[in-house]
Every structure is written in C-alpha cells, then in structure tokens.
Amino acid sequence: MAEETQSAKDKSSELPKESEAKHPKGLISILLFGTILPTGAAIFELFTHICAETFFNPLPTFWHILIFSLIPAGNFICWLAILRDNTTYLSKLGLANGIALGVSLAYTVLFLPLLPVSLIGILFVGIGLCGLAPICSFISAISCRRHLNNISQVAKKRKNSGLWQGTVIGLGMLLILHISPILTHLGMNMAVSDDPKYEMSGIRFLRWLGDEDTMLEMCYVFGRNPFFARITNVDFKEARKLYYRTTGTPFNTFPSPSPSPSGDRLYFRRPRFDEGIGGEAVSGKVEGLSLKDSRMDAVIHSDAALSYLEWILVFRNSSRRQQEARAQILLPPGGVVSRLTLWIDGEEREAAFSTRGKVRQAYTRVVRRRRDPVLVTTKGTDRVLVQCFPVPPGGEMKIRIGITSPLHLKSREQGILLLPCLSEYNFSIPKGIRHSIWAESKKPLSTTINTFKAEQIEEGLYAVRGTMDDSDFAVTRIAIQAARSDDAVMAWTSDSFSKNGQIIRQVIEETEVPIPSRIVAVIDGSRGMKKSIPAIAEAFAYLPEQVEFGLVLASDTTQKLVIPVQKGSKEIYQTAMNIIRESDYEGGQNNVSALALAWEIAAEKSGSAIVWIHGNQPILLQSTEILQQKWDRRPGRVRLFDIQVTNGPNRIIEKLRAPGAVELLPFTGSNASDVKNLFAAWNGKRKDFTISRERTAAISYSEQTKETSSHLARLWAYNEILRLYPSKSKIDQAIQLAVNYQLVTPISGAVVLETERQYKEAGLEPGNPSDVPQISSIPEPATLWLMAIGIIMLLGISYKKRKKFHIPKNS
C-alpha cells in the first residue's frame with residue numbers, strides 16, 4: 001500500500017502544477033526576444049540596409065520579408081495563447097510554432113559567423129542586437145514549444161503536435177526561394193572543373209538552369225553569400241568568365257545588384273571599394289557614378305583627308321565616396337589622342353606626355369594621395385583607356401580629349417569620319433543623357449543618321465549636327481561623309497619640330513588590293529552574333545572564286561575545320577553560308593583556340609589571310625601567348641583581318657602585338673557592308689587608297705597646293721612611332737617623337753596632375769596651352785559676323801575722325 005502511495009506521489013510530481021501552467025515563467029522574455037526584437041531588427045534593416053551594405057542582404061525580396069515575419073508572428077500567437085491558457089487551437093498553435101522554429105533556425109545558421117561581431121556591436125547603441133535577433137527568436141520559439149506542451153498536459157490532451165510539419169514548412173519555403181541559387185552554385189562548381197567534359201557539362205547546366213542574377217552577384221567583389229560559401233569555390237574572377245561563357249554578355253554591362261529589397265537580389269554584399277581603382281582595366285560598374293554631359297566638336301579637312309575632334313565628358317558622383325571614372329574609347333580608324341585637358345576649380349590644365357610607365361606611375365602616386373589626376377593610355381589598336389580620379393562625392397569632374405585622325409576614303413570624291421564611341425565603361429549613363437555632336441568642314445557634309453541635320457551655314461562652311469543616345473552605338477557608329485575634290489591627291493604642312501624648316505608631305509594613291517593565296521574564315525559562335533549572322537552569311541557570296549578557302553567555327557564543340565581547305569566556288573561559298581546560318585550561337589565562346597587553328601591552316605601557304613568575324617571579346621578565356629608565339633616566330637606569314645560586328649572591348653587584340661600583321665576593319669555598325677567591302681576588294685570589284693606621309697625639304701610643294709592643318713604632322717609622327725617602336729634600337733627615337741608631338745601611343749601616355757609640384761616630382765613637363773591643338777580652325781558663324789561688324793565699326797570711327805580733323809586748303 002505504501003509503495004502505491006509513493007508511486008502516485010511521484011507521478012503527480014512529474015505533472016506541472018496548475019498554478020505554474022496558469023502563470024508560466026519567461027513570458028516577458030518570449031515577448032521581448034521572440035517578438036519585439038526580430039520585428040525591430042527587420043524594420044531597422046529595411047530602413048538602414050546596414051547588414052546588406054556591410055555583410056549580406058538577409059531580406060532581399062518581398063517573399064523573404066514575408067517569411068521572416070512568420071517568426072515574430074508565430075511567437076506572438078503562441079505567447080498570447082500561453083498567457084490566456086487557451087487550449088482550443090493547440091494543433092494550429094503547434095504548426096505556427098514549428099514554422100517559427102524552422103525559419104528562425106535557418107536564419108540562426110546564416111548569422112552564426114556574425115555572432116562575435118554582434119556581441120561587440122551591443123556596446124555601440126545596441127546595433128548588435130539585430131545580429132542576435134535570429135538566435136534569440138529561435139530560443140524563444142523553443143520556450144514556446146515547452147510551454148505549449150505543459151498546457152496540453154495540464155488539459156489532459158494528447159501531446160501538442162505540428163512541430164515537424166511546421167519546421168519542414170518553414171525550411172521548405174526558404175528552400176524554394178533558394179533552390180535556383182543553390183543549383184547555380186553547384187553548376188558553377190562543375191564549370192571550373194579541370195576535367196573538360198565535366199567543365200562543359202557545368203556550362204550547359206548553367207545555360208539551362210542557372211540564375212543570371214546569382215552569377216552576376218558573384219562577379220562583384222564580396223558578392224558571396226556565407227550560406228553558399230561552403231558549396232562553391234568560385235572567386236569573382238572565375239565568376240566573370242562563367243557569366244560570359246553562360247550568357248555571352250560581359251558582367252559589367254550591368255550595374256552591381258542592389259542590396260535593397262526592391263532590387264530583388266539574393267544575399268549580396270555591396271562593394272565597399274572599387275577593386276579596379278588605379279588599375280589597367282575598366283572592371284565593374286561603380287554605384288553612384290554617372291555620365292552627366294557629353295559633347296563632340298569636329299573639324300574636317302576633307303581635301304587633306306584628316307580631321308581633329310574634341311570630346312568633352314563630364315562625370316558626376318552621387319555617392320558618399322570618391323570614385324574613379326574609367327572608360328575604354330574606340331577611336332576613329334588610325335586615330336591618335338593628341339590632347340588631354342582637365343578642369344580644376346574652373347581652370348583648364350593641359351596634360352604632360354611621356355612614356356607609359358612614367359605617366360602611370362605619376363597617376364598612381366597622385367591617386368594614393370586622393371588628388372586630381374586624369375590618365376590616358378592605349379588599350380590595343382585604335383583604343384584608349386581613360387581614367388579620372390577622384391570624382392568627388394556629390395561633385396563633378398570635367399575632361400577634354402583631343403583626337404587627330406585620318407579620313408577613310410570611300411572614293412576620290414568622298415571621305416568618311418567614324419566618330420569615337422565608348423566601348424566599355426564603369427559608370428552609368430542615365431536616360432535622357434545624349435551625346436551632342438557638331439562637325440564642320442569647308443566642303444559639304446552628310447550622314448546616314450536620320451535625326452542629324454546637315455546644313456550649309458554660309459558659303460564655304462558646312463556642318464552636320466545632332467544628338468545620339470549611347471545605346472545606339474552598340475549597333476551602329478556615326479559616319480560623317482565629307483565631299484572632296486577629286487584632284488586632291490597631295491597635302492602638306494610645316495613641321496614645327498623640324499630643325500631645318502622641313503615640311504610633312506602627304507600623297508594619296510589609288511591601288512589594287514592584293515588577293516590572298518588562301519582565305520580561312522573564323523566565325524565567332526557567341527550569342528552576341530545571332531542578329532548579325534544573316535547579313536554576314538550573305539556577304540560570303542562576294543568571295544573570289546578559285547582562291548583556297550576554309551571555314552572555322554568557334555563553338556563549344558568544334559575543334560576542327562568545318563569546311564576543309566579547297567578551291568573556292570559558288571557551291572562552296574553557298575555551303576559556308578548554310579553552315580553559318582544553321583549553327584547554334586550561345587554563350588560566350590573561346591576564339592583564341594579557333595584563331596590558333598586557323599593560323600596553322602593559313603600558315604601552310606605564304607600570303608594567306610585569316611578573316612575573323614566576331615562580336616565583342618570582353619573576357620579572355622585562354623591566354624593569347626599561343627597566338628603571340630606564332631606571329632613572333634613567323635612574322636608576315638599570315639595577315640589577320642579583324643571584323644568586329646558589335647561595339648565593345650576586344651581583349652585578344654589588346655594583348656596581341658603583331659605590328660603590320662593585324663588589320664582592324666572599321667566597325668560601322670553595318671555588318672553586311674563591312675564584310676562585303678573586304679570580299680569585294682579581293683574580288684577586284686573595289687579599289688583601295690593608300691595614304692603615304694613623309695618629312696621632306698620645303699621645296700615647291702607650297703606652290704602646288706595650300707598648306708593644311710598641323711595635324712598632318714601629328715599623323716606622320718604617329719605612323720613613324722608605329723614603325724620604329726618594335727625595334728629595340730629605335731625605341732628611344734620613337735619615344736622622343738611621341739613626347740615632342742604630344743601623342744598617346746603604345747609606348748607613351750598622357751597625364752594631367754593638379755599642381756606644378758606634382759609634375760616636378762614625376763619628372764614631367766605639362767603642355768603649353770599655346771602649343772596644344774585647337775578646335776577653332778574653322779571660325780563659328782557668330783564669330784565671323786562679330787569680326788565683320790567690328791571691322792565696319794572701326795572703319796566708320798576712322799572715317800569720322802579723319803573728317804572731323806580735316807582742314808580745308810583755303811583756310
């Protein structure tokens with residue numbers, strides 16, 4: 001009997017007392033840490049984005065906010081039921097508690113690496129409590145579960161259910177939101193494998209199931225989510241390659257993903273600094289940096305077949321940090337930068353020209369001191385890299401770039417100026433910002449741009465003007481056509497740097513285009529080529545017959561000639577056209593290996609040519625050393641004709657050093673005409689023009705034609721530098737020419753510094769404003785009218801004075 005009594009006492013002691021069930025302990029902590037704290041933390045993050053800007057974004061989308069709100073909501077409902085001792089909806093309360101447990105568990109795991117930082121952050125106005133909110137909510141949800149179990153036992157009901165169901169629902173909702181990023185990270189791991197087959201499987205997987213936003217986030221520094229850090233081993237450099245191979249688009253086409261909930265981006269840490277600052281690459285888009293104004297003014301000397309253009313760019317920085325504006329500019333064919341100006345406190349400062357190493361060292365030194373330099377260096381043939389630092393927070397930076405360039409002669413009676421354009425940049429161009437363009441000449445001008453206006457201002461003065469959106473440059477390029485005298489075959493100018501009063505003479509000759517002995521066409525299989533393919537395919541009908549022809553397609557799988565080398569014919573060219581049309585164009589393809597294969601085929605026969613038709617090449621998927629070696633060891637054996645059908649960077653040409661062996665055909669935006677013109681010239685249906693320039697004694701040339709612009713001397717010097725610098729014994733002579741004529745070349749650059757002291761420290765001499773090129777070689781109409789009015793007024797005043805003081809003879 002005593003044993004039964006003792007057993008009953010033990011059982012009654014295991015049950016919670018009724019007073020404890022009605023007045024449980026810890027309710028205040030549940031309300032405070034399980035409801036108020038996570039609610040306050042979420043609101044604080046939504047308004048300040050402190051975690052998104054510093055570490056990662058825990059609430060990147062509306063759905064994340066909704067799911068996270070289930071934590072305080074579930075804890076509050078359970079707290080209310082426990083407070084009121086409500087046992088009516090225990091099963092539903094258990095489900096709500098399970099959901100709160102599942103969601104808070106996921107966020108607790110995500111925030112575990114930040115716990116030490118959060119504990120320290122409590123000392124600073126309690127900011128660290130936001131990082132502690134998930135684990136506090138998780139502990140509160142466990143406490144709610146314990147109290148709910150106690151209530152169910154007191155009410156003599158079955159044990160409270162819904163724990164596992166709710167937990168699975170909570171975790172499942174988060175998993176659904178992240179299934180695409182998880183698959184993307186797994187695919188990226190596959191794509192960086194050393195096994196080529198596994199690598200290609202990863203690329204195809206990313207094209208099929210990959211999330212472009214997730215890949216884009218990985219392309220920017222600190223774009224890694226700590227949750228995914230353990231399932232991916234891809235750094236931002238590899239991510240940029242994968243993004244291009246998957247989408248066919250360079251990552252810096254788009255700005256860095258926004259960390260705000262409205263940005264619809266998953267777990268992204270906004271870069272606290274620009275990793276490309278002071279470097280030699282444009283790199284990614286910089287937040288808050290934009291183009292505010294763009295103006296081009298050009299003077300065309302059509303009979304001399306040359307032009308001078310000044311491009312004024314104004315950058316604006318709306319962020320709170322100093323930023324560097326960087327842009328790669330595609331110059332007119334054969335063009336050279338001959339002037340660089342920076343406005344400092346409203347005053348124009350001209351650049352110093354010196355060796356590449358010297359100007360870059362000066363720029364980097366001043367960048368470290370946070371002062372005001374601007375730097376221009378070449379970036380491959382007909383391309384320059386412009387760097388401006390710092391664009392001040394909330395301020396602007398204004399620069400001017402002067403470009404001297406020859407005209408592309410379409411015939412004796414017409415020359416064409418292809419205006420420069422931005423091919424890559426790290427700033428945004430807001431809607432409504434348009435390039436304002438104005439060109440003048442003494443001969444009639446015209447253009448194919450319908451929105452531009454061609455006009456005759458007065459006798460002997462013509463103009464073309466208009467505005468253009470930057471996005472239009474991706475598909476076309478502004479070509480200004482200038483009329484010429486058909487007998488204008490010679491021009492000359494005085495050489496101001498000549499010691500003996502020499503002149504620079506230019507002669508234009510019409511020549512036959514030599515036909516290659518073998519033609520190997522390389523077609524880029526990247527996604528960016530799709531729109532251009534129909535026009536490109538049609539151009540192959542213009543190839544000359546009986547010339548050996550082969551076709552290589554740069555694609556994921558093709559590693560051999562698509563059409564083996566054979567005598568060209570209409571049937572062969574029709575086959576090539578069909579293959580080009582029917583091929584798949586996806587992602588970004590490796591053109592280096594395709595060019596290497598084409599060189600091997602073309603080099604079998606001297607005088608061969610490779611015709612490389614491609615989109616932009618923003619990422620190097622393979623080192624160019626394999627190509628460099630071929631052109632170094634057998635120079636002049638094969639010529640490469642580069643036809644780029646879309647505007648953008650070309651990393652392969654940037655790296656390839658083959659003077660005289662690579663010919664860049666002008667990108668005009670008309671894909672059919674660019675390719676047709678080359679093939680038609682080989683077919684004898686179009687002639688070419690050769691422009692030669694030389695320094696010679698000032699004999700009787702001035703009697704045959706009028707002296708032209710001094711820019712002719714700059715073009716001669718630029719051609720001489722390109723001829724001299726490949727030879728080590730003549731590089732000093734080439735450098736001296738670049739400094740004297742103030743040109744940006746493969747061996748020289750231009751830099752503007754803030755003070756005379758900085759120039760002296762760098763051993764540089766700034767340009768004399770009176771010696772730099774000027775755009776005012778053709779006076780504006782208003783200027784001419786003012787001059788005429790001034791002359792008339794002076795003549796009138798002079799006549800009145802003479803009449804007033806005239807003394808008659810009779811007196």
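The model is predicted, so local features are reported only at pLDDT of at least 70 and side-chain atom pairs only at pLDDT 80 or more, while totals for chains, interfaces and linings use all residues. Residues are numbered from 1 along each chain as its sequence is written, and side-chain values use heavy atoms, with hydrogens and water left out.

Helix α21 covers residues 711-724. The expected span of a helix is 1.5 Å times one less than its number of residues. For the 14 residues of α21 this gives 20 Å, and the end C-alpha atoms are 20 Å apart, which agrees. A residue is called buried under 20% relative accessible area, exposed over 50% and partly exposed in between, with a 1.4 Å probe and protein chains only. Eleven of the 14 residues of α21 are buried, so the helix is largely enclosed by the rest of the structure. Among them are His 711, Arg 714, Trp 716, Tyr 718 and Glu 720, together with Leu 712, Leu 715 and Leu 724.

Strand β27 (residues 748-752) is also largely enclosed by the rest of the structure, because five of its five residues are buried. In a regular strand, side chains alternate between the two faces of the sheet. Both faces of β27 are covered: Ser 748, Ala 750 and Val 752 are buried on one side, and Gly 749 and Val 751 are buried on the other. Two strands are taken as paired if DSSP finds at least two bridges between them. Strand β6 (residues 352-355) runs antiparallel to β27 and is joined to it by four bridges. In this pair, Phe 353 stands opposite Ala 750. Strand β7 (residues 374-378) also pairs with β27 in the antiparallel sense, over three bridges. Here Val 374 has Val 752 as its bridge partner.

A salt bridge is a side-chain nitrogen of Lys or Arg within 4 Å of a carboxyl oxygen of Asp or Glu. The structure holds 30 of these. One of them joins Arg 400 to Glu 350, with the closest N and O atoms 3.8 Å apart. Arg 400 lies in strand β9 (residues 396-406) and Glu 350 in strand β5 (residues 347-350), so the pair ties together parts that are 50 residues apart in sequence. Both Arg 400 and Glu 350 are buried.

A salt bridge also links Glu 663 and Arg 639, where the closest N and O atoms are 2.6 Å apart. Since Glu 663 lies in strand β25 (residues 662-664) and Arg 639 in strand β24 (residues 638-644), this pair ties together parts that are 24 residues apart in sequence. Glu 663 is partly exposed at 30% relative accessibility, and Arg 639 is partly exposed at 34%.

Within helix α23 (residues 756-762), Arg 757 and Glu 761 are four residues apart, which means that about one helical turn separates them. These two residues form a salt bridge with the closest N and O atoms 3.3 Å apart. Arg 757 is exposed, at a relative accessible area of 64%, whereas Glu 761 is partly exposed at 36%. Elsewhere, salt bridges that share partners join Glu 310, Arg 339, Glu 348, Glu 350 and Arg 400 into one network.

Gln 328 lies in strand β3 (residues 323-330) and is buried, at 1% relative accessibility. Its side chain makes a polar contact with the side chain of Arg 383, at 3.1 Å. A polar contact is a pair of N or O atoms within 3.5 Å; within protein, one must be able to donate a hydrogen and the other to accept it, and residues adjacent in sequence count only if both atoms are side-chain atoms.

Two further residues are placed by their C-alpha separations. Pro 393, in the loop between β8 (383-391) and β9, is partly exposed at 41% relative accessibility. The C-alpha atoms of Pro 393 and Gln 323 are separated by 7.7 Å, although the two residues are 70 residues apart along the chain. Arg 365, in helix α13 (residues 356-368), is partly exposed at 24%. Its C-alpha atom is separated by 9.4 Å from that of Gly 278, which is 87 residues away along the chain.

Note on methods
Helices (H or I, at least four residues) and strands (E, at least two) are DSSP runs, numbered from the N terminus.
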